[in-house]
Amino acid sequence: MTGFTIPDDAIVEERFLAASGPGGQNVNKVATAVQLRVDVFRLGLPPYAYARLKELAGSRMTSGGELILTARRFRTQEANRSDARERLADLVAKAHQRDAKRVKTRPSRAAKARRVDAKKSRSAVKAGRGKVRLD
């Protein structure tokens with residue numbers, strides 16, 4: 001799914017942070033988590049893809065148009081770095097996918113008649129459940 005390559009000038013900052021999770025005491029000493037900041041405008045996305053990326057990113061997108069991804073799944077910097085870049089490429093590839101256009105349909109005259117007949121028959125059944133009146 002990663003058919004999109006990220007231009008190097010789009011990546012604003014790549015910061016290494018101390019991660020939580022597996023690693024024992026090593027996790028307290030080594031900054032293995034990666035925080036990737038990407039300028040979305042430099043990706044050169046078409047308007048529909050930009051809107052979809054904004055929707056997919058949610059709170060990871062800043063008001064300044066930067067996308068912030070944090071990768072801390074692995075124990076090494078390099079693995080987390082490649083994971084962050086892969087996730088970014090997947091997100092951009094998903095943003096390029098367009099939803100199928102909805103085709104309006106109309107029920108036929110026969111279908112409308114069947115629906116009305118079914119409603120009338122149900123109405124008759126329910127009307128027959130009422131109190132019996134002796135007129």
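Biologist: What does the accessible surface of the protein chain come to, and which share of it belongs to carbon and sulfur atoms?

Modeller: Please note at the outset that this is a predicted model. The protein chain has an accessible surface of about 10000 Å², and 51% of that area belongs to carbon and sulfur atoms. Of its 135 residues, 25% count as buried.

Biologist: How many helices and strands are there in the protein chain, and in what order do the elements run?

Modeller: The chain holds four helices and three strands. Read from the N terminus on, the order is β-α-β-α-β-α-α. As for contacts between residues with a separation of 6 or more, 64% of them are accounted for by residues 24 or more positions apart.

Biologist: How should I read the nonpolar core, and which residues have the most contacts inside the largest one?

Modeller: In soluble globular proteins, nonpolar side chains tend to be buried together. Here, the largest nonpolar core comprises 17 residues, and those with the most contacts inside it are Val40, Leu43, Leu45, Leu53, Leu67 and Leu88. At least two residues of this core are supplied by each of β2 (33-39), α2 (47-57), β3 (66-71) and α3 (77-96). The largest share, five residues, comes from α3.

Biologist: Which residues does Val40 touch, if those up to four places away in sequence are not counted?

Modeller: With that exclusion, Val40 touches Leu45, Tyr50, Leu53, Met61, Gly65 and Leu67. Among these partners, Leu45, Leu53 and Leu67 are also listed with the most contacts inside the core.

Biologist: Where is the place of Asp39, and is Asp39 buried or exposed?

Modeller: Asp39 lies in strand β2. Its relative accessible area is 15%, and a residue counts as buried under 20%; Asp39 is therefore buried. Between Asp39 and Thr62 there are 9.8 Å in space, C-alpha to C-alpha, although the two are 23 residues apart in sequence.

Technical notes
Residues are numbered from 1 along each chain as its sequence is written. This is a predicted model: local features need pLDDT of at least 70, side-chain atom pairs count only at pLDDT 80 or more; totals for chains, interfaces and linings use all residues. Side-chain values use heavy atoms; hydrogens and water are left out. A nonpolar core is a set of buried Ala, Val, Leu, Ile, Met, Phe, Trp, Tyr and Cys residues joined through side-chain atoms within 4.5 Å. Buried means under 20% relative accessible area, exposed over 50%, partly exposed in between (1.4 Å probe, protein chains only). Contact means heavy atoms within 4.5 Å. Accessible areas come from the Shrake-Rupley method with a 1.4 Å probe; for residues, only the protein chains shown count as cover.
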